[in-house]
Amino acid sequence: MTRERIYLFDTTLRDGQQTPGIDFSVEDKIAISTLLDDFGMDYVEGGYPGANPTDTEFFKRKRTKKAAFVAFGMTKRAGVSASNDPGLAALIEAKSDAICLVAKSWDYHVAVALGCSNEENLDNISLSVAAVVGAGREAMVDCEHFFDGYKANPTYALACAKAAFEAGARWIVLCDTNGGTQPHEVREIVAAVIAAGIPGANLGIHAHNDTGQAIANSLAAVEAGVRQIQGTLNGIGERCGNANLVTLIPTLALKEIYANRFETAIDADRLQELTKLSHAFDELLNRSPDMQAPYVGASAFATKAGIHASALLKDPRTYEHIAPESVGNLRKVMVSDQGGKANFINALKRRGIAVSKDDPKLDKLIAIVKEREATGYAYEGADASFALLASRILGTVPDFFHVESFRVMVERRFDANGQLKTVSEAVVRVVVDGETMMSVAEGHGPVNALDLALRKDLGKYQSEIEDLELADYKVRILNGGTEAITRVLIESTDGTGARWWTVGVSDNIIDASFQALMDSIIFKLLKNRDHVGLIAAE
């Protein structure tokens, strides 16, 4: 049976830029467009040329090799001809393959936002699409607020969509701009649009996530007949975000109800790059990946309960809806005080450590993990620290260096200009191959100073940790009072893109931080020697 084609339209660089706290530079946009193009998206919407200097500069040349490069902008204004509208001129001048015009399709918005008549708005749509087609570009129209507009005045909403289609638009995209439409409404309204004469092969869906149903609404639209899906990487976007293409793509590819009927540009080989794409994008945004993200999160295929882990060892399908490798992720059986032997055996096996369930060293490891977790350690969230602990008990860990002592000082004082300053300084004495070295560093806070001092001079190992960076630092107080037990989790990364977590626990926050920092450095040195195998967060 011939499968129908679903086209993937990425609007990360346009609608995704509306995300609070995100502001792409031209260099960011170039890097992201390359990621999207290499992955295989059909359309990459780059922004709104003429609206701001960044987007105008970005559209001075075509930024994709395979994907259609899309410029976004408004239909022409009422009272101005298409040839004399400066906004439309900027779109046509942009170096793009396609132009996506946003058009009002709710009569309430036509009156309030545009201040023109319903007929004038229809003329603006028709004439703008004709201008784009006349310029030799692929035309598409985002029917803004389409679902709300249809519920308020179905006749006019359909007239807007028909105006775009009859003028030659390749795609008419139905937008749930406010994000409040429910899946059953999407199905019914899409069916009505098709029944009115616009083929599903020319329809797209643009869903926002304000009720947490952008993915459900996108799939409902596909089931009803649309053949283009618009969305963003990791679901970023205005307010609550857009439909998450990182979740939609594997659902379409791997779930039989869709895979038997539809195909996308993302084949099995490209799909294995999905986790890498998602994490690379988060890295560019300088944020930690969502551990519980479907398909690509570090916890997406993580199992904690012992009975689940035991079943996983016998057949992964017992607790996995797909094979993790199909999306480039890894199976992770977590070790914790809830875990049985199966958890530990599987976790160790991934690291190339074969151990019998009757080995007394395994019992010792389990006992130590459970004892430490009772005092506050969290190995399920600190995979690297577990790897080191297991290596020390079941095997050996090289004695790379030894820290004789460290001292951290915090001074609060006024500088020469009378400004109040807080200065943190750390001193660390490290022994490498019998040679003692003392390093001193100032930092933004005591932990940063300690980290800088500890990594300032490790002798012959110094070059190996040059690419080691601390990506995240989390502190949790485990009980009350100023003498409380503190748990510190540190996320580290290096030049390979690998990420790992280490943990430290103490009634002294600096000591807890030191434990986690030490584990991070030692894990990095072991990783460089392939002594720790695969790590789940990688």
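**View 1. Pairing of strands E14 and E15 in a three-stranded antiparallel sheet.** In this predicted model, strand E14 (residues 420–432) and strand E15 run antiparallel and are joined by nine bridges; strands (E, at least two residues) and helices (H or I, at least four) are DSSP runs, numbered from the N terminus, and two strands pair if DSSP finds at least two bridges between them. Val428 has Ser439 in E15 as its bridge partner. The sheet is open, with the order E13-E14-E15 and antiparallel pairing. Residues are numbered from 1 along each chain as its sequence is written. Local features need pLDDT of at least 70 and side-chain atom pairs count only at pLDDT 80 or more, whereas totals for chains, interfaces and linings use all residues; side-chain values use heavy atoms, with hydrogens and water left out.

**View 2. Strand E7 and its parallel neighbours.** Strand E6 (residues 138–144) runs parallel to E7 and is joined to it by four bridges; Cys143 stands opposite Leu174 in E7. Five bridges connect E7 with strand E8 (residues 203–207), again in parallel, and Asp176 has Ala207 in E8 as its bridge partner. Together with helix H8 (residues 183–195), E7 and E8 make a right-handed β-α-β unit; a crossover is right-handed if, with the strands pointing away from the viewer, the path from the first strand over the helix to the second runs clockwise.

**View 3. Burial of strand E7 on both faces.** Six of the six residues of E7 (residues 171–176) are buried, that is, under 20% relative accessible area, with exposed meaning over 50% and partly exposed in between (1.4 Å probe, protein chains only). In a regular strand the side chains alternate between the two faces of the sheet. In E7, one side carries Trp171, Val173 and Cys175 and the other Ile172, Leu174 and Asp176, all of them buried.

**View 4. The largest nonpolar core, including Ile172.** A nonpolar core is a set of buried Ala, Val, Leu, Ile, Met, Phe, Trp, Tyr and Cys residues joined through side-chain atoms within 4.5 Å. The largest has 80 residues, of which Met41, Phe146 and Ile172 touch the most other members. Helix H7 (residues 154–166) contributes the largest share of this core, seven residues. Apart from it lies another core of 36 residues, including Phe401 and Phe523. Beyond four places in sequence, Ile172 touches Val141, Cys143, Ala161, Ala164, Phe165, Ile198, Asn202, Leu203 and Gly204, where contact means heavy atoms within 4.5 Å.

View 5. With 3% relative accessibility, Phe59 counts as buried. Leaving aside neighbours within four places in sequence, the contacts of Phe59 include Gly46, Tyr48, Pro49, Phe69, Val70, Ala94 and Ser96. The C-alpha atoms of Phe59 and Ser96 are separated by 7.2 Å, and these residues are 37 residues apart along the chain.
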